[in-house]
Amino acid sequence: MDVRLWFDPVCPFCWMTSKWLRLAATQRDLAIEWRFISLRLLNAGVDYDAQFPPEYEAGHTAGLRMLRVAARVRKEHGAEALDRLQEAFGHHVFEQEPVPDTANARERQGSEAFVAAVLATAGLPTTLTEALEDSTWDEVVQAETDEALALTGRDVGTPIIQVDPPDGLAFFGPVISRMPTEEQAGELWDHAVGLARFPGFAELKRSLREQPQLPSFGVSTDQVGITEDWHGGSRRQHR
């Protein structure tokens with residue numbers, strides 16, 4: 001593998017980064033390995049009411065349920081099937097009409113009906129939805145979440161990328177809100193790798209983010225999303 005990306009299916013910035021990485025892979029002949037990181041497990045000890053908007057807990061829980069299915073898919077059908085599933089998750093969660101900021105809307109994304117449609121898009125058996133309720137897969141997801149945090153430190157979110165695995169530097173990001181062109185995708189990869197390979201590089205960050213250019217946010221590719229200030233993985237100031 002040339003690069004690993006740890007993903008949670010419900011993170012919009014993770015989806016944006018994965019779309020960029022797929023585009024960069026065609027420009028730089030990269031092989032991508034998809035691994036799991038759960039925002040729900042990462043925030044297991046967090047007071048959601050104090051730290052996040054009301055719908056976040058439901059969304060993060062839906063993400064964990066989807067990752068259980070992803071873990072089973074990789075075990076039973078292999079890495080290529082997981083690649084298809086990761087892309088299908090993104091299309092069903094984000095490449096659609098705007099999603100209401102409600103717990104019910106987020107919970108639906110972790111439902112059997114929703115995930116069955118994702119599996120069908122990926123050409124996989126819909127019976128794999130049985131893993132949604134199977135918490136034994138959490139051990140796999142937790143192990144890979146811990147693996148990512150061991151490489152970056154714990155004060156990060158998603159996505160996490162490692163260049164030149166298994167020994168290369170890993171980092172949180174790049175967090176992007178706009179999709180680059182094919183040429184820009186390769187250039188962004190070169191710049192990100194240049195930083196990652198510089199000895200002692202630690203962080204380059206700003207908390208202001210535009211809403212991503214995704215149909216689920218109602219932002220098209222010819223628009224610039226509203227700029228919001230994010231703190232600790234949330235667009236709401238912590239209480």
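Trainee: Are Phe 7 and Phe 36 buried or exposed?

Mentor: Keep in mind that this is a predicted model. A residue counts as buried when its relative accessible area is under 20%, and for both Phe 7 and Phe 36 the answer is buried.

Trainee: How are the rings of Phe 7 and Phe 36 arranged as a pair?

Mentor: Phe 7 belongs to strand E1 (residues 3-7) and Phe 36 to strand E2 (residues 32-36), so their pair ties together parts that are 29 residues apart in sequence. The ring centres are 6.0 Å apart and the planes stand at 70°. Since planes over 60 degrees apart count as edge-to-face, the arrangement of this pair is edge-to-face.

Trainee: How do the axes of helix H4 and helix H8 lie to each other?

Mentor: The axes of H4 (residues 56-77) and H8 (residues 138-152) come within 9 Å and cross at roughly 95°. Angles from 65 to 115 degrees count as roughly perpendicular, so H4 is, relative to H8, roughly perpendicular.

Trainee: How many residues of the contact of H4 with H8 are charged?

Mentor: On the H4 side the contact includes Arg 68 and Arg 74, and on the H8 side it includes Asp 138 and Glu 144. The contact residues divide into 5 nonpolar, no polar and, for the charged ones, 4.

Note on methods
Residues are numbered from 1 along each chain as its sequence is written. This is a predicted model: local features need pLDDT of at least 70, side-chain atom pairs count only at pLDDT 80 or more; totals for chains, interfaces and linings use all residues. Side-chain values use heavy atoms; hydrogens and water are left out. Rings of Phe, Tyr and Trp (its six-membered ring) pair if their centres lie within 6.5 Å; planes under 30 degrees apart count as stacked, over 60 as edge-to-face and the rest as tilted. Helices (H or I, at least four residues) and strands (E, at least two) are DSSP runs, numbered from the N terminus. Buried means under 20% relative accessible area, exposed over 50%, partly exposed in between (1.4 Å probe, protein chains only). Axes are lines fitted to C-alpha atoms, for helices over the stretch in contact, and angles run from 0 to 180 degrees between N-to-C directions. Angles under 35 degrees count as roughly parallel, over 145 as roughly antiparallel, 65 to 115 as roughly perpendicular and the rest as oblique. Contact means heavy atoms within 4.5 Å. Ala, Val, Leu, Ile, Met, Phe, Trp, Tyr, Cys and Pro count as nonpolar, Asp, Glu, Lys and Arg as charged, and the others, Gly among them, as polar.
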